[in-house]
Amino acid sequence: MQQLGMGQAVNQALREEMTRDERVFIAGEGVGVSIHDNPMLPTADLLKDFGVARVKDTPVSEAAIAGLAVGAAVSGLRPVVEIMFNPFFTLASDMIVNHAAKLRYLSGGKSTFPLVVRIKTGAGFGAGCQHAHNLEAWVAHCPGLKVVMPSTPADAKGLLKAAIRDDNPVVFIEDMMLYFVPEPVPAEEYLTPIGKAEVKRQGRDVTVVTWSKMLGVALKAAAGLAQEGIEAEVVDLRTLVPLDRETIISSVRKTGRLVVLHEATRTGGFSGEVCALVTEEAFSSLKAPFRRVTGPDIPVPVSPPLERFYIPDEEQLIAAVKEIV
Amino acid sequence: MPRQEIELPYRIDYLSILDEQGKVDQDLEPDVDKDFLLKLHRGMLLGRRFDERLLQLQRQGRMGTFAPITGQEAAQIGAVAALEDSDWLVPSFREMAAEIWRGKTMENVILLYAGYNEGGAIPDGLNNLPIAIPVGTQTLHAAGIAYAMKYRQEKHVAMVFFGDGATSEGDFHEALNFAGVFQVPVVFVCQNNHWAISIPRSKQTRSKTLAQKALAYGVPGIQVDGNDVLAVYSAAREAVERARSGDGPSMIECVTYRMSVHTTADDPKRYRREEDVEGWVAKDPITRFEKYLKSRKIFTDKKIEAIEAEIKQEIKEAVERSEKKMEELGDPLLMFDHVFAELPPYLREQHEELRKELRQDST
Ligand SMILES: Cc1ncc(C[n+]2csc(CCOP(=O)(O)OP(=O)(O)O)c2C)c(N)n1
Ligand SMILES: [Mg+2]
């Protein structure tokens, strides 16, 4: 099977969908002429292969980029636009939160928004809090937006293709650290359904719910725990909205214990939603209080020693699991 | 007459005082003393040499990524030279020379680029803001600072820097509009360095000039040769005086060129030709000014050598100090400092959690 990083997998998904459907185009800052000669990046060589009409470099204008997507989508195209770094989502957010997410509702279902906003995220680059800020919980809090956050290149390919074919606005958040971690990706066409979590590892003692880059941490921790006889089940959400409640609940019913792991800060983080759901629906199955392992409630620090300790790691997860097992 | 041209209150001038050979237009030559001219030169040269050193440090892995300023020294030094210490500097992320002129230490510049927010600390007694990464956003707080100056009836001016790319952000337009409507003391300095990462100025806007954007907001705008420190200084002085005397905002477009990479993560060969860059070597702001200083006998080659040696030594000492400081700053617990004025209980708990984890790591 081909080995691709997540950027390459995204690239392949874009290629396949652009080839399949004339209405699909991409736009964003430097999606065409990039500053990097790096085939691992998501829009590499698309300009060369699809031309300027379908691969549009824009001025530095996030609001206009998101607005372009809204306008193009409502008139029947299927735009895929890119926000370079997650913090700049704030500049584009009016178009996404107040328009893309609401105009179908406001128009009595007459307007449709088949658009994808790709956002690059993640700490670990030493680029600081104005470049790195995981905002998925904000977006998930806005009704009308689907929120996808893949953890593996294979999922990214299938989910992005599904997002492009979806008739709703989808916010598709890619952790940039995953661009550089090759994993097997099927070469053929496939769609990965939005709204379906996946159990990435079976286990009987504790459920670890996670998504995006933290899946790697969860799997490493699970391997470590297994050596001590603790079998963790790892549930990769893949999609935050709509949330796959069944997979989470049935896993917790089986294990009786829950730890949620994400890189974003804790207060108001999406782990709160997962824990609330489990408390509502599976309280009687819980043998211990749930635990959350998250980034601390501070802006992402820049310097290597500080950033390293900001990002949750296996040790923290193992410690949290041991507290409740 | 059903159709006639509307006269606008302002037009767009282009100002250049020193040509590429360092020949001065004597009618426009600003009336400043020799020491001031030498200070301008030193500020630019220090910016250039320090930029070169920073690039080496980054390449050696001793520092993180940063946005080099080479080629833009005149646009920065000429503009801030018109400020008084009590005025406000609101930078973007590519104003290292201006920040140093305004009292930021070189060691703090290194610290910041190495990732330590301590390096962003505002020097005591100076009104500088930290760098702003989200493009164009700082124009809005500059308008806010100027609003406060008017409110407090203080005669200080805010000077905000931004790039050609930033003029495409809504924030820039809203800032100009507020400043125009409220007539507050702010000077908008656009460093048109022709590039916004890989996007050329021609693809950023159809406007012939960036300065003309100010006109739409009833704000005077001027375009200057941004590699001519005397032109930038003259335009800035005029704008600062206008602001200080209560006559509102202005915008200055400095036409310059980003001679170096966008940031150290970038390979410009992907999108621009060497020849394009070479054309700008002849317009270099520092060589041009040195020619002028020599022609005015303010300066000899010997003197330049002495200044170069001095600067080299200063940079060397700053690098040493910064590396010492970094050793003190490696404590991960520091990440909880400065989030709030005080550490609220829930953060104290998280701080405590990390402390425990670190203790376990070390045993
Ligand atoms: C809101 C926002 N969008 C995108 C970026 C990524 N970015 C960093 S610098 C830059 C180009 C800025 O160009 P310009 O304003 O001309 O400034 P220059 O880099 O040339 O100094 C972009 C798009 C950002 N930092 N902030
Ligand atoms: Mg620029």
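Me: How many of the 363 residues in chain B are buried, and what makes a residue buried?
Reply: Buried residues make up 47% of the 363 residues in chain B. A residue is buried if 20 or more other C-beta atoms lie within 10 Å of its own, exposed if 12 or fewer, and partly exposed in between, with C-beta atoms placed from the backbone. In chain A, 55% of the 325 residues count as buried.

Me: What kind of model is this, and how are residues and chains labelled?
Reply: This is a predicted model, where local features need pLDDT of at least 70, side-chain atom pairs count only at pLDDT 80 or more, and totals for chains, interfaces and linings use all residues. Residues are numbered from 1 along each chain as its sequence is written, while chains are lettered from A and ligands numbered from 1 in the order in which they are written.

Me: What does the radius of gyration of chain B agree with?
Reply: A compact globule with 363 residues would come near 21 Å; chain B has 22 Å, which agrees. Its C-alpha trace spans about 85 × 55 × 45 Å along the principal axes.

Me: Why is the site of ligand 1 called shared between chains?
Reply: Residues from chains A and B surround ligand 1, so the site is shared. A residue counts as near if its C-beta atom, placed from the backbone, lies within 6 Å. By that cut-off 21 residues surround ligand 1, the closest being Val135(B), Gly163(B), Gly165(B), Ala166(B) and Ala196(B). Strand E4 (158-163) and strand E6 (195-196) of chain B each give two or more residues to the shell.

Me: How many residues does the contact between chains B and A take, and what makes two residues a contact?
Reply: Two residues are in contact if their C-beta atoms, placed from the backbone, lie within 7 Å. The contact takes 36 residues from chain B and 31 residues from chain A. Helix H12 (residues 345-362) of chain B gives the most to the side of chain B that touches chain A, with five residues.

Key. Helices (H or I, at least four residues) and strands (E, at least two) are DSSP runs, numbered from the N terminus. The radius of gyration is taken over C-alpha atoms; the globule rule is 2.2 Å times the number of residues to the power 0.38.
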